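Let's take a walk through a protein model together. Have a look at the sequence and the 3D view first, and then we'll go through what's there.

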Amino acid sequence: MAANRSNAFQWLYTMVVLFFPQVKISTISVGNDILEFSSENSNFLLPAIENIHLALRDLGIRRIDVSTTFSFINVITSFFLPSAAQFREPALGNVISPLLQLT
């Protein structure tokens, strides 16, 4: 899905469009804790999220959000004090900051 939007369209038609809106779908989660397994794969995460998001908009579906999941254990520098926690690199620069900038 990261390679091009047509892959995202194909996946959406198979997994979402056939069922929506009869089935309540509020969010599509892309990836499966991708930051835990390989920082190299994180380069594919944002393009995939963006392609799915844009394909949904092209289909006129605006009620489904697109996000991802990750464990904070893998991306923060320390656990105590919570107010002192910071995101660590490369997760911060490669995924978290760009993800927060997507509209």
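Predicted model: local features only at pLDDT ≥ 70, side-chain atom pairs only at ≥ 80, totals over all residues.

## The salt bridge

The partners are Asp58 and Arg5, whose side chains meet with 2.5 Å from N to O. This pair links distant parts of the chain: Asp58 sits in helix α3, Arg5 belongs to helix α1 (residues 5-17), and 53 residues separate them.

## The overall layout

Of the 103 residues in the protein chain, 30% are buried. If you take the contacts with a separation of 6 or more, 64% of them come from residues 24 or more positions apart.

## The start of the chain

Asn4 lies in the segment before α1 and is partly exposed, with a relative accessible area of 32%. Its side chain makes a polar contact with the side chain of Ser6 at 2.6 Å, and the Asn4 side chain also reaches the backbone nitrogen of Asn7 at 3.0 Å. Along the chain, Asn4 and Glu50 are 46 residues apart, yet their C-alpha atoms are separated by 9.9 Å.

Over in helix α3 (residues 42-58) you'll find Asn51. It counts as buried because its relative accessibility is 12%, and the cut-off is under 20%. Who does Asn51 touch, leaving aside its neighbours within four places in sequence? The list is Met1, Ala2, Ala3, Asn4, Arg5 and Ala8.

The UniProt record, an unreviewed entry, carries the annotation "signal peptide" for residues 1-25. In the model, this span is 52% helix and 0% strand, and its end C-alpha atoms lie 19 Å apart.

## A cis peptide bond

Look between Phe20 and Pro21: a cis peptide bond joins them, with omega at about 5°. Pro21 itself is in the loop between α1 and β1 (27-30).

In soluble globular proteins, nonpolar side chains tend to be buried together. Here, the largest nonpolar core has 19 residues, and those with the most contacts inside it are Leu12, Val16, Ile28, Val30, Ile52, Leu56 and Ile64. The elements giving two or more residues to this core are α1, β1, α3 and α4. Which of them gives the most? That's α3, with seven residues.

Setting aside neighbours within four places in sequence, Ile28 is in contact with Trp11, Leu12, Val16, Ile52, Leu56, Ile64, Asp65, Val66 and Ser67.

## One side of helix α4

Finally, helix α4 (residues 91-101) has these buried residues: Ala91, Val95, Ile96 and Leu99. Why do they end up on the same side of α4? They cover an arc of only 80° around the axis, so they share one side of the helix.

Methods:
Residues numbered from 1 in each chain as written. Heavy atoms only, no water. Helix = DSSP H or I, 4+ residues; strand = E, 2+ residues; numbered from the N terminus. Buried < 20%, exposed > 50% of the residue type's maximum accessible area, 1.4 Å probe, protein only. Contact = heavy atoms within 4.5 Å. Salt bridge = Lys/Arg side-chain N within 4 Å of Asp/Glu carboxyl O. Arc of directions from axis to C-beta. UniProt positions renumbered as here; feature names shortened; annotations may be inferred. Polar contact = N/O pair within 3.5 Å; in protein donor to acceptor, adjacent residues only side chain to side chain. Core = buried A, V, L, I, M, F, W, Y, C linked by side-chain atoms within 4.5 Å.
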